[in-house]
Amino acid sequence: MPLSSRAAPALVLFRRDLRLADHPALSAAAETGAPVLPVYILDDETPGRWRMGGASRWWLYQSLRSLGADLEARGSRLVLRHGETKRVLGELIEETGARSVLFTRGYEPYQRALEGRLKPSLEARGVSLRRFGGQILVEPESIANLAGEPFRVFTPFFRALSQRGAPATPLPAPQKLAAPDSWPRSDALASLALEPTRPDWAGGIRAAWRPGETAARERLTAFIEAALPSYRTRRDEPGIDGTSRLSPHLAFGEIGPRQIWHAVQAAAEAAGDHAAADAYLREVGWREFSYHLLFHFPHLPEAPFRPEFTAFPWRDDADALEAWQRGRTGYPIVDAGMRQLWQTGWMHNRVRMIVASFLIKHLLSPWQTGADWFWDTLVDADLANNAASWQWVAGSGADAAPYFRIFNPVLQGEKFDPRGDYVRAFVPELAKLPASLIHKPWTASAAALRDAGVTLGETWPHPIVDHAAARARALTAFAAVKKK
Ligand code: FAD
C-alpha cells in the first residue's frame, strides 16, 4: 500500500550527478508540483567489473552526506538504498506510489543497458520514465562528422563542438522541494560501508579534499581567480597548483560542465582575455570527446580501439607492476606520481602521462593493468576519461599519441619539475638532492649521495629498467604490431 494516496511523488534517481544546481531532472521534478523523492541507490551489481573502486567509494560517502544535508536545507531528504537498481526502484515505487522516475542519463555501457531495462519494466507498472542530459555539454547523438559518423579525431570534434556556441544556461538549484506525506525507509549512510575502516588508508585523501557541491563551486571560483590566467602556460607543472582539480567533483557530478563553461567564459569576458579560457575549455573538451568515444565505441575500456594492438606482445611481470604501483621504480618523477596517487587519490595530468607511458612502454605491461590500478585509486576515476586516456598513451586509441613516442622520464622530470619541488613533496628519501640530480640520482657522485643521505639500492632503488634498453625493446615490440 503506498504511503500516500493523496499526491504521488516524483522519484528523482541520483547517479553521477550529486548536485542540486543545473540538475535538469531535479528541476523538472520540482516543477511538476508533486512531492519530490530524491533517491540514491548504491548498485554494485549493474556495473559488473566497473564496480566503483576504493578511492571513489570514499568520495561517494562524503558526497552523499553533503547532498543529503543540502536537500535537508530545502525541506527534503536523500533516501539511500543498496542493491540492484531495477529491483530497488520497483520496491520504492511499490512503497511510495511514485508515478514518475526522473534521472540524468549515463553514457557508460552498463548505465545504458540499465536504462534500456528500466524503461519497459517501469512503463509496465504505469510509471513514466523521464531522462535528462546534464553530465556532458552535447548529447552524442547530436554531433557527427560530414559523413554522418562519430568523430575519431579530437581537433575536428572540438571545432564542431565550439561552433555550436554556448551550452544552455545552467539552471539554479530549486529553492524548495515539496516533501512527500511520509518518507520511505532510508539505509543509514554508514551501513553502505563506503569508508575504509581497517586499515583506514584514506588519511591522505581526507586531508587533500573536500567533496560536495559547495566545495566544487568554491574550487571553481578559487581556480578562476588564482590559476586560470596562467593555466595555458603552467598547466604542465606538477609542482604548482596550476590546474583546477575539479576532476573528482566532475566525476561525481557535483558540478556540471555547463556551469564550468559559463563561469570560465564570464571570467574571460571580464578580463578581456580569452586565451586562458580557451586553453582550459579545450581540456574540458577532451572530457567531452572521451564521453562521446565511450558512447559510440563501448568496448573502449576493455579492448584496443585500434584492433591491430590486440597482437601487442605484452609482458607479464608482477614484480615490475608492483614496483610501479608502490612508487619504487627508481625513476623519481614516476615514483612521485604513483605516491601522489596513493596518498591523495589524484595525480597531475602531466605525470599521469609519464607514469602511464612508463608502465606501457618501459615495462610493456598492458594498459588495462594500469587503468585498473587507476580505477581503484583515483578519486576522479571516470570510465570514459580513464579508458580514453590510457589508450591515448598506449597509442591504441582514437587520435592517440604515436606508440613510438616514448617519454624519457628523466627529461620529462627535468623539463616539467625543474627545481624538483614535486619529487621532494612525494619522495622524501631524495629531498636533499640538488635539482641537477634529483631526477637521476644514479648519476650522482658518492659524495653528493652521502650529503643527501641517499644510499642507492638501500634507501633508494636502482632503476628497474634502463631507459635506452627499455626504449629499444618497446620499439621492437611495436614493430610486431605494425607488421600485422
Ligand atoms: P584541469 O587541467 O583543470 O582540467 C579540467 C577538467 O577537464 C578536468 O577536471 C577533466 O574533467 C577534464 N580534462 C582535463 N584533461 C583531460 C584529459 N586529458 N582527458 C579527459 N578529460 C580531461 N581524468 C578523469 O577525470 N578521470 C580519470 O579516470 C582519468 N584517468 C586518466 C588516465 C591517464 C593515463 C591520463 C593520462 C589521464 C587521465 N585523466 C582522467 C585525464 C586528466 O589527467 C585529468 O582529468 C586531470 O588531471 C584532472 O585534473 P584537473 O581537474 O586539475 O584538470
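## Basis of the model

Because the model is predicted, local features are taken only where pLDDT is at least 70 and side-chain atom pairs count only at pLDDT 80 or more, while totals for chains, interfaces and linings use all residues. Residues are numbered from 1 along each chain as its sequence is written.

## Domains

The protein chain is divided into domain 1 (10-134), domain 2 (136-168 + 212-296) and domain 3 (307-483), with bounds that come from an automatic or database domain assignment. The centres of domain 1 and domain 3, taken over C-alpha atoms, are separated by 39 Å.

Between these two domains, eight residues of domain 1 are in contact with nine residues of domain 3, where contact requires that the C-beta atoms of two residues, placed from the backbone, lie within 7 Å. The side of domain 1 that touches domain 3 is made up of four nonpolar, three polar and one charged residues; here Ala, Val, Leu, Ile, Met, Phe, Trp, Tyr, Cys and Pro count as nonpolar, Asp, Glu, Lys and Arg as charged, and the others, Gly among them, as polar.

## The shell around the ligand

The ligand is surrounded by 27 residues, of which the closest are Thr243, Ser244, Asn349, Asn386 and Ser389; a residue is included if its C-beta atom, placed from the backbone, lies within 6 Å. By class, twelve residues of this shell are nonpolar, eight are polar and seven are charged.

Domain 2 and domain 3 each give at least three residues to the shell. At the level of helices, at least two residues come from each of α9, α11 (275-296), α14 and α16 (383-394), where helices (H or I, at least four residues) are DSSP runs, numbered from the N terminus.

## Annotated binding site

An unreviewed UniProt entry carries the annotation "binding site" for Tyr231, Thr243, Ser244, Arg245, Leu246, Ser247, Tyr280, Asp380, Ala381 and Asp382. These residues are spread over 152 residues of sequence and also in space, with up to 22.7 Å between C-alpha atoms. The UniProt positions are given in the numbering used here, the feature names are shortened, and the annotations may be inferred rather than shown by experiment.

Thr243 lies in the loop between α8 (231-234) and α9 (247-251), and it counts as buried because 21 C-beta neighbours lie inside 10 Å. A residue is buried if 20 or more other C-beta atoms lie within 10 Å of its own, exposed if 12 or fewer, and partly exposed in between, with C-beta atoms placed from the backbone. Apart from its neighbours within four places in sequence, Thr243 is in contact with Arg235 and Asn349. Ser247, by contrast, is placed in helix α9 and counts as partly exposed, because it has 19 such neighbours inside 10 Å.

Helix α14 has 14 residues and reaches 19 Å from its first C-alpha to its last, close to the 20 Å expected at 1.5 Å a residue, the expected span being 1.5 Å times one less than the number of residues. Twelve of its 14 residues are buried, including Arg350, Ile354, Phe358 and His362.

Most residues other than glycine have a negative phi. Leu364, which follows α14, has a positive phi of about 55°; Leu364 lies in the loop between α14 (349-362) and α15 (367-377) and is partly exposed, with 19 other C-beta atoms within 10 Å. Ala193 also has a positive phi, near 50°, and is found in the loop between α5 (154-163) and α6 (203-208), where it counts as exposed because it has 12 C-beta neighbours inside 10 Å.
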